[in-house]
Amino acid sequence: MTKNPTRGSKKYDLESSPLYRLSNKRKLADLLGVEPSKILGLKKSAICSQYKIFKDKQTSRFITEPHSDLLLVHRRLLDLLTRIQCPPYLHSARKKHSYKTNAEAHQHSSAVLKIDIRKFFPSVKFHYVYDFFKNEMSCAPDISTILAKLCTVTTLKFGIHLPTGSCISPLLSFLVNKVMFDEIDALCRAHDCKFTLYVDDMTISGDKASRALLTSIAMIIHRFGYGYHKIKTYHQVPTVITGLVVYKGMLRLPHRRAKLVRVASQALAQAVSGSMRKKLLGSLIGRLSEAEQINPLYKVRKEVLLTRYKSEWQTIMDERVEKSLKVRGTKSK
């Protein structure tokens, strides 16, 4: 890999991207930080097949995760695509936006609609990605083909599609389907409703948020070639939006997540072995750090634990730093 020339944080319109109207393969290789030979001969370099495919232990879903040179290419592409200005309704794959800001956008609404795209990443096929680079980014056909090959994975079940475990998929899936999401946003605004998007999780709120509006949105999704599910309507009741409970203008942790914190706290208190205590402590601190963003009381609980298990936490942090340094050393070789 060559040096990354694209670091920065400036936002610009799509037409100002270095990828826009790109027609030179050597320039593409330079932008991606790879040797030109790997771009000029994708089959020979085998870079497009650098994926780890495994089953997630918690969700039982198959994950397709890039590694080696392909992982670095995805990171370079993400760096370039992240600079493209995105609309306010997008709350994923953007700095200072998250599942929390997505929920906050609807916290004062009494009527809420929700709908998701079924198996979103596996449904974003090769030709959708190719069309984005060719038609939206105005890249040359051969450049569009190379980029589409670099950004997709082949699986027996779904064919050629966006990988489920790549850093680039959340943002690229939006850019590829921006026309569809813009149409949905315009429809919602025409009904005086607010629309937000978190990956494939769509939330609509407002006094005129009706089943008829939700049906119209479902028809748009279907017209663009996608399936949909998790269709829900809420009216003056607690609403779960991107993992948070929204009710009467407040955000709360769902009972399930609060219970996980309690169970982990009890297990830590009863842990006998040092290795088990470290494992439970690391997991619990992570859960509390996330929970404190919603309820400040969890921050107090976290600080108590960090004081009580000061030596164990220091060991955990030292191990994480050492692991990080090893990973960086491997990547720099």
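Modeller: Let us begin with charged pairs. Side chains of opposite charge can pair when their charged atoms come close. In this predicted model, Lys178 and Asp182 form such a salt bridge, with N and O 2.6 Å apart.

Biologist: How many residues apart are Lys178 and Asp182 in helix α10?

Modeller: They are four residues apart in helix α10 (residues 178-190), so about one helical turn separates them. Lys178 is partly exposed, at 28% relative accessible area, and Asp182 is likewise partly exposed, at 27%.

Biologist: How many salt bridges does the structure hold?

Modeller: There are 12 salt bridges in the structure. One of them joins Lys52 to Glu65, whose closest N and O atoms are 3.2 Å apart. Lys52 belongs to strand β1 (residues 51-55) and Glu65 to strand β2 (residues 62-66), so this pair ties together parts that are 13 residues apart in sequence. With 41% relative accessibility, Lys52 is partly exposed; Glu65, with 26%, is partly exposed as well.

Biologist: Which residue forms a salt bridge with Arg257?

Modeller: The partner of Arg257 is Glu290, and their closest N and O atoms lie 3.2 Å apart. This pair links distant parts of the chain, 33 residues apart: Arg257 sits in helix α12 (residues 255-270) and Glu290 in helix α13 (residues 274-291).

Biologist: Is Arg257 buried or exposed?

Modeller: The cut-off for a buried residue is a relative accessible area under 20%. Arg257 has 14% and is therefore buried, whereas Glu290 has 37% and is partly exposed.

Biologist: Let us turn to the strands. In which sense do strands β6 and β7 pair, parallel or antiparallel?

Modeller: Strand β6 (residues 194-198) and strand β7 (residues 201-205) pair in the antiparallel sense, over five bridges. Within this pairing, Leu197 stands opposite Met202 of β7.

Biologist: How many residues lie between the strands in the hairpin of β6 and β7?

Modeller: Two residues lie between the strands of this hairpin, and Val199 takes a positive phi near 60 degrees there.

Biologist: Into which domains is the protein chain divided?

Modeller: The assignment gives domain 1 (12-83 + 125-161), domain 2 (88-124 + 176-247) and domain 3 (253-330). The C-alpha centres of domain 2 and domain 3 are 33 Å apart. Five residues from domain 2 and six residues from domain 3 take part in their contact.

Biologist: How is the size of such a contact expressed?

Modeller: The size of an interface is often given as the accessible area lost when the parts come together. Between domain 2 and domain 3, the buried area is about 470 Å², and carbon and sulfur atoms give 56% of this area. On the side of domain 2, Tyr99, Lys100 and Leu244 lose the most area to domain 3, together 66% of what that side buries.

Biologist: Which elements of domain 2 each supply at least two residues of the side that touches domain 3?

Modeller: These elements are α5 (99-104) and β10 (244-247).

Biologist: How many residue pairs are in polar contact across the interface of domain 2 and domain 3, and how many salt bridges are found there?

Modeller: Two residue pairs are in polar contact across this interface, both at pLDDT 80 or more. The number of salt bridges found between domain 2 and domain 3 is zero.

Key. Residues are numbered from 1 along each chain as its sequence is written. This is a predicted model: local features need pLDDT of at least 70, side-chain atom pairs count only at pLDDT 80 or more; totals for chains, interfaces and linings use all residues. Side-chain values use heavy atoms; hydrogens and water are left out. A salt bridge is a side-chain nitrogen of Lys or Arg within 4 Å of a carboxyl oxygen of Asp or Glu. Buried means under 20% relative accessible area, exposed over 50%, partly exposed in between (1.4 Å probe, protein chains only). Two strands pair if DSSP finds at least two bridges between them. Domain bounds come from an automatic or database domain assignment. Contact means heavy atoms within 4.5 Å. Buried area is the accessible area (1.4 Å probe) that two parts lose on being put together, summed over both. A polar contact is a pair of N or O atoms within 3.5 Å; within protein, one must be able to donate a hydrogen and the other to accept it, and residues adjacent in sequence count only if both atoms are side-chain atoms.
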